[in-house]
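The sequence and the structure come before the text.

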Amino acid sequence: MISPYDLLIAPFAEFVFMRRALVGGLALALGAAPLGVFLVLRRMSLVGDALSHAILPGAALGFLLAGLSIWWMSLGGLVAGLLVAGLSGLMARTTTLKEDASFAGFYVLALALGVMLVSRAGTPIDLIRALFGSALAVDDAALWLMAAVASLTLLGLAALYRALVVECLDPGFLKTHGGGLGTLAHLGFLGLLVLNLVAAFHALGTLMAIGLLVLPATAARFWAETVWTQMLVAAAIALTATVVGLLLSFHLDLPSGPAIVLSAGALYLLSVAVGARDSLYRRHVQSPHLRA
Amino acid sequence: MSAAPKPATHDHAHGPVPAVSARGTAPEALRLEDLTLAYERHPAVHHLSGSFVRGSLTAIVGPNGGGKSTLLKAVMGLIRPAAGRIERFGLDPARIAYLPQAAELDRAVPVSVAELAMLGHWRRLGAFGAASQEDRARAQAALNAVGLAGFERRPIATLSAGQLRRALFARLMLEESPLILLDEPFASIDQRAAEDLMGVIARWHGEGRTVVAVLHELDRVRRHFPATLLLARHKVAWGPTADVLAEVNLTRARALTAAWDEAAEVCAA
């Protein structure tokens with residue numbers, strides 16, 4: 001019989017790569033999950049997904065220029081992400097194309113370009129790593145990046161909190177009363193989003209980076225009512241998913257990125273089913289008298 | 001339509017005459033000077049001139065697409081005039097209290113009734129300021145005044161259309177603005193709420209604030225609004241409500257509406 005210590009603690013106590021992955025996941029969870037609450041509120045989940053793919057060609061270019069340098073790949077990814085966000089916003093304002101459609105156009109383009117660049121320049125392993133990440137291979141530089149991004153995200157969210165809530169609630173009000181604050185909040189939010197996607201890219205890869213933003217945030221809506229309590233719940237769920245995912249990956253020899261995202265997904269489904277607010281259980285089992 | 005508008009039958013070029021200029025300042029709150037507004041080069045308001053007198057209570061009525069909402073948006077600075085100008089007499093558009101049409105609010109955002117009302121303090125508190133006890137007390141008083149006492153902690157997603165409109169009126173009330181613009185304040189809410197909110201508007205009028213409301217129900221306009229602007233892209237009439245809503249003007253507004261043809265619409269100015 002395996003002891004709880006061996007099951008839960010030993011993997012982190014005995015292996016440095018597990019500790020690194022845990023710290024990285026902690027940073028991601030603290031920054032990305034609260035940000036994800038706003039992403040969901042602003043109905044931009046799919047835009048976030050598109051942006052995460054858009055990072056790939058930039059990261060690939062960084063890889064081409066400087067090899068496996070976390071800073072160059074991150075810088076490239078950041079520039080590519082901001083470029084796609086900016087261009088899509090510009091297209092939406094200057095043509096009749098809606099913002100989601102122009103995002104979709106740009107991100108497929110970016111993804112194809114990225115895959116082509118990585119395939120030409122690197123090995124198939126590099127491609128797999130770019131697409132699916134490598135949570136168990138984060139080095140010091142990546143940890144610094146994730147911690148810095150998480151700190152910046154929390155500070156940024158604290159500063160922009162009221163403006164962002166009002167922007168979601170009543171954009172017209174901010175337009176007439178805010179004196180450009182709405183635009184600033186939107187740009188600041190997009191900037192933080194790209195930063196978090198770049199940070200998540202190293203652990204989860206371009207295809208799943210959005211997972212820790214969207215899944216915990218969506219799940220949190222079934223537990224908490226206000227925006228800030230949803231953020232706390234989302235961070236807790238992301239944290240739990242990281243720990244559970246890493247342990248599953250360790251004990252069952254599964255790839256770490258998908259294990260983390262699947263754990264977050266399982267918590268999301270659990271929330272939909274039995275969450276404290278508006279879940280299937282609350283609606284259909286607990287209060288049947290409301291159904292007349 | 002290429003001809004310039006003919007003068008209206010009951011056209012008071014400068015709106016209703018002010019009773020007394022209160023503090024020796026300009027008696028006008030807002031003056032429109034040969035104002036033309038357009039959406040994508042389709043004119044929505046043609047060569048509109050006139051004034052809203054300080055402390056007046058004016059209804060804007062007219063057919064759909066007649067430029068009523070467009071006019072309010074232009075006053076708010078959301079639309080740039082294609083020609084002519086709007087004189088606000090030093091009043092920053094950010095200081096104007098404005099109720100846009102209902103659809104612009106996302107009710108899925110989890111905020112409470114009290115939080116929505118507290119936004120009325122935005123001009124002073126902005127994105128960073130902390131609310132004082134007095135700010136909270138005034139928000140509570142405003143919620144009481146609109147009949148939402150006891151609803152403070154309710155999420156706005158659970159409100160009826162009438163209750164939500166009441167909460168938005170509480171927000172307007174907290175803005176303490178000398179000029180209040182309301183775009184269809186009574187659309188799709190229950191009769192009771194409409195009556196109560198009409199009482200709030202009357203109170204603003206009594207406090208000397210200038211109120212301009214886009215409305216559809218002519219009965220209500222006749223009962224509660226001293227002045228009316230009848231707008232059908234052109235000014236049909238502007239002045240005391242009884243004169244403006246005379247049958248001859250309403251007929252003329254309908255005739256103008258019938259002549260609208262988007263393709264042929266070119267401004268002659």
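Helix 1 of chain B, residues 68-75, lies across strand 1, strand 2 and strand 4 of chain B. Against strand 1 of chain B, helix 1 of chain B runs at about 115 degrees. The model is predicted.

Those strands form an open sheet of three strands in chain B, with the order 2-1-4. The pairing is antiparallel. Strand 2 and strand 4 of chain B stand at the edges. Each has a single partner strand, so one side of each is left without a neighbour in the sheet. On average, neighbouring strands of this sheet are turned by 15 degrees against each other, direction ignored.

Strand 1 of chain B is joined to strand 4 of chain B by four bridges, and the two run antiparallel. In this pairing, B:Arg31 stands opposite B:Glu87 of strand 4 of chain B.

| Strand | Residues |
|---|---|
| Strand 1 of chain B | 28-39 |
| Strand 2 of chain B | 42-53 |
| Strand 4 of chain B | 83-87 |

Helix 9 (residues 181-208) and helix 10 (residues 211-220) of chain A pack at about 95 degrees, and their axes are 9 Å apart. Helix 9 and helix 10 of chain A are therefore roughly perpendicular to each other. Helix 9 of chain A brings A:Asn196, A:Ala200, A:Leu204 and A:Met208 to the contact. Helix 10 of chain A brings A:Gly211, A:Leu212 and A:Leu213. By class, this contact has five nonpolar and two polar residues, and no charged residues.

Definitions and conventions:
Residues are numbered from 1 along each chain as its sequence is written. Chains are lettered from A and ligands numbered from 1 in the order in which they are written. This is a predicted model: local features need pLDDT of at least 70, side-chain atom pairs count only at pLDDT 80 or more; totals for chains, interfaces and linings use all residues. Two strands pair if DSSP finds at least two bridges between them. Axes are lines fitted to C-alpha atoms, for helices over the stretch in contact, and angles run from 0 to 180 degrees between N-to-C directions. Two residues are in contact if their C-beta atoms, placed from the backbone, lie within 7 Å. Angles under 35 degrees count as roughly parallel, over 145 as roughly antiparallel, 65 to 115 as roughly perpendicular and the rest as oblique. Ala, Val, Leu, Ile, Met, Phe, Trp, Tyr, Cys and Pro count as nonpolar, Asp, Glu, Lys and Arg as charged, and the others, Gly among them, as polar.
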